[in-house]
Amino acid sequence: MSENLLDLLKSQVTGAAAQQLGQYLGVNQDVVPSIMEKAGATMLGGMMQKASSPNGIGDLFSMLQKSGGGGIPDLGSILGSPQKRDEYVKKGDDLLGSVLGNNLPAILGALGPVLGIAKNLIGPLMSMIGPMLIGIISKQVMGKGQMNATGLMDLLMSQKDYVKAALPAGVGSAMGLANLADLGKGAAGHATDAARAAANYGTEAVNRGSDAVRTTTTNVGHATAEKSGSLFNTLLPL
């Protein structure tokens, strides 16, 4: 069975990092792992849901590429500086909005009672978790030598049971999922389509290159023939 990405996420917030995050959220650090798991399951579920849309898998793969294998953000270091924290949260806002889309307000509202933290801190927490998950996913995909849309989808689909077990009650409905079994539904087909499109693009590029070579060769041949004819016509009177 594939490694649980939520466990990897929780392992990034221990010791001093868990203490700092607990202070920021206004909770005891003992409950930080539970908060990370529930919030992480929501974010990961959103990624799986996004990947089920026609263009979603391409968007997610672009996010991985943009991360450039930069690794997993060090939350302890980030939380140690209010300026770094605010800058990090601001950068994560775009990722959060892209993954959860129009359902974001409803999802944050459903998470409030479950996480037990102030409403105004739920969004920032999710914005912190997003880049961490992208870093974890990127590391896993690259480690398997499958840095492509199909490799990304294989990894996401392997997390379905973990997400279903950790996703808080009511959040699935806020995400627009009538049934948690719908997570990632149809995504494998989209990944295959994306891979096929890339292959077709490569084939078309080769064909265009071959056509260009043929055209160039033909033009050179015509030009040579024209030059030969011109030379013959010039020498004939002589």
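Is Thr42 buried or exposed? Select Thr42 to find out: at 0% relative accessibility, Thr42 counts as buried. Buried means under 20% relative accessible area, exposed means over 50%, and partly exposed lies in between, with a 1.4 Å probe and protein chains only.

**Before you go on**

This is a predicted model: local features need pLDDT of at least 70, side-chain atom pairs count only at pLDDT 80 or more, and totals for chains, interfaces and linings use all residues. Residues are numbered from 1 along each chain as its sequence is written, and side-chain values use heavy atoms, with hydrogens and water left out.

**The whole chain**

Colour by secondary structure. You will see 12 helices and 0 strands. Helices (H or I, at least four residues) and strands (E, at least two) are DSSP runs, numbered from the N terminus. Of the 238 residues in the chain, 41% are buried. Show the surface next. The accessible surface comes to about 12,300 Å², and carbon and sulfur atoms account for 54% of it. Areas come from the Shrake-Rupley method with a 1.4 Å probe; for residues, only the protein chains shown count as cover. Now consider contacts, meaning heavy atoms within 4.5 Å. Among contacts between residues at least 6 apart in sequence, 77% join residues at least 24 apart.

**Stop 1: Thr42 and its surroundings**

Go back to Thr42, which is in helix 3. Show its contacts, not counting residues up to four places away in sequence. Thr42 touches Leu100, Ile107, Leu111, Met126, Leu167, Pro168, Val171 and Met175.

**Stop 2: helix 3 against helix 8**

Select residues 32-51 for helix 3 and residues 119-143 for helix 8. Their axes come within 10 Å and cross at roughly 65°. Axes are lines fitted to C-alpha atoms, for helices over the stretch in contact, and angles run from 0 to 180 degrees between N-to-C directions. Helix 3 and helix 8 are therefore roughly perpendicular to each other. The cut-offs: under 35 degrees is roughly parallel, over 145 roughly antiparallel, 65 to 115 roughly perpendicular, and the rest oblique.

Helix 3 passes helix 8 in a right-handed crossing. A crossing is right-handed if the near helix is turned clockwise from the far one by less than a right angle, and left-handed if anticlockwise.

Show side chains at the contact. Helix 3 brings Ile35, Met36, Ala39, Gly40, Thr42, Met43, Leu44 and Met47. Helix 8 brings Leu125, Met126, Ile129, Gly130, Leu133, Ile134 and Ile137. By class, there are 12 nonpolar, 3 polar and no charged residues. Ala, Val, Leu, Ile, Met, Phe, Trp, Tyr, Cys and Pro count as nonpolar; Asp, Glu, Lys and Arg as charged; the others, Gly among them, as polar.

**Stop 3: helix 2 against helix 3**

Look for Ala18, Leu21, Gly22 and Leu25 of helix 2 meeting Val32, Ile35 and Met36 of helix 3. This contact has 6 nonpolar residues, 1 polar and no charged.

**Stop 4: helix 3 against helix 4**

Now select residues 56-67, helix 4. The axes of helix 3 and helix 4 lie 6 Å apart, at an angle of about 130°. That makes helix 3 oblique to helix 4. Met47, Lys50 and Ala51 of helix 3 meet Gly56, Ile57, Asp59, Leu60 and Met63 of helix 4. Here the classes are 5 nonpolar, 1 polar and 2 charged.

**Stop 5: Val89**

Jump to helix 6, residues 82-100, and pick Val89. Val89 is buried, with a relative accessible area of 11%. Leaving aside neighbours within four places in sequence, Val89 contacts Pro124, Ser127 and Met128. Draw a distance to Gly130: 9.6 Å, C-alpha to C-alpha, across 41 residues of sequence.

**Stop 6: Gln140**

Return to helix 8 and pick Gln140. Gln140 is buried, at 15% relative accessible area. Beyond its neighbours within four places in sequence, Gln140 is in contact with Glu3, Leu5, Leu8 and Leu155.

**Last stop: Leu180**

Select the loop between helix 11 (171-174) and helix 12 (187-235), and find Leu180. At 24% relative accessibility, Leu180 counts as partly exposed. Leu180 touches Lys164, Leu167 and Gly172, not counting residues up to four places away in sequence. Val163 is 17 residues from Leu180 in sequence and 8.9 Å away, C-alpha to C-alpha.
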